[in-house]
Structures are given as C-alpha cells and as structure tokens.
Amino acid sequence: MATPGDVDMDQGDQSQPFTVEENIQQLNAIDKSIVQLMNHAATALGALTTPTTEGSAKPPLDLPAQKEAFRSATDAFLTTLHGVDVRMKRQVLALEEAGIVRLSAVSSQEPKGTTKASLKPNGVGNVGNLDVGWLNSRGTRVERDMEAELWRDAREFLEKRGNN
C-alpha cells in the first residue's frame, strides 16, 4: 500500500543510508500524514452524527450516503495510518543504524554468563541496567529547593506584614 512520500526501496543502491536532509523530509511527510489522520477521523465522526437545525423540522437523513462517507473516511484513515506506521519504523531503524538508540534485545554476556554493563541508551530510558527515570525520581534536590523557596517567601511575607 503506497502512500505519498514513500520511497521505493527497490530502486537504487540499498546500502546507502538516508541523509539527514532526507530523514527530516520524511519526518515532515509523517507530520503532514498525522494531520491527515485527524482530518479523516473528523470526517468519519461527522458522518456518524445527525445534523441539528434550529426549529422543529428535522432534515431527512440519507443513511446510504452517511454509510459511504463513513466507510471512505475510515478506509482513508487506515491507509494513512499504515503509511505513518511504516515510515515511523523506518525512522526508528535509521536511529538504530546511526547508533542513537539500541533496540536489539541481544545482551552482551561474558563467557561466565554474567552480563556486561553498557552505557549505551537502549531507547526506552534505560542506560545499562539503570532506569534513568527511576534514578531521577529518587532525587530530593528539587523538593529541598522548593521548600527553601517557600520558607523564604513566607518569611518575606511576614516581614512585610510586620512592618505595616
């Protein structure tokens, strides 16, 4: 299922990675496709709603036309969603090829069966065996700084009230 902005993978030399400019253009095309997804969803939902009018006379509903509009909007949505999915997977693979993220589940082990620690990020917030989010949540510096700021503000407020 071809979508606009797709690159034909059968043409040219496949050993050449995409350039930074090409990756940015592909991300821009993905962004535009996501906007199209929202438009298709709005069209599909609009086909399911009944029109409301001011007054007592209700307009006649054209059910076959509404079904067809819903069906075509849903088909367009799913086609566009598939294209976004494929292109996002390409971008993730490009990040992995560039060494920015490591998504492979293969762990490097020493001959004795112990796992070697790696400082490479794995793409989901872990560095080695450490979860960076867990480590950040354990810090109390922000809490201490906020408490000190609140005490300082309270002291200044009371000093101003005492001078009046």
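Tutor: Helices are DSSP runs (H or I, at least four residues), as strands are (E, at least two), numbered from the N terminus, and the expected span of a helix is 1.5 Å times one less than its number of residues. This is a predicted model, in which local features need pLDDT of at least 70, side-chain atom pairs count only at pLDDT 80 or more, and totals for chains, interfaces and linings use all residues. Residues are numbered from 1 along each chain as its sequence is written, and side-chain values use heavy atoms, with hydrogens and water left out.

Student: What does α2 reach from its first C-alpha to its last?

Tutor: With 35 residues, α2 reaches 51 Å, close to the 51 Å expected at 1.5 Å a residue. Helix α1 (residues 20-48), which has 29 residues, reaches 42 Å, close to the 42 Å expected. Just after α2, Gly99 takes a positive phi of about 80°.

Student: Which residues of α2 are buried?

Tutor: Buried means under 20% relative accessible area, exposed over 50%, and partly exposed in between (1.4 Å probe, protein chains only). In α2 the buried residues are Gln66, Ala73, Thr80, Gly83, Val84, Arg87, Gln91 and Ala94, and they pack against α1. Those of α1 include Asn23, Gln26 and Ile30, and α2 is among what covers the buried residues there.

Student: Where is Gln91, and with which residues is Gln91 in contact?

Tutor: Contact means heavy atoms within 4.5 Å. Gln91 lies in helix α2 (residues 63-97) and is buried, with a relative accessible area of 8%. Leaving aside neighbours within four places in sequence, Gln91 is in contact with Asn23, Gln26, Leu27 and Ile30.
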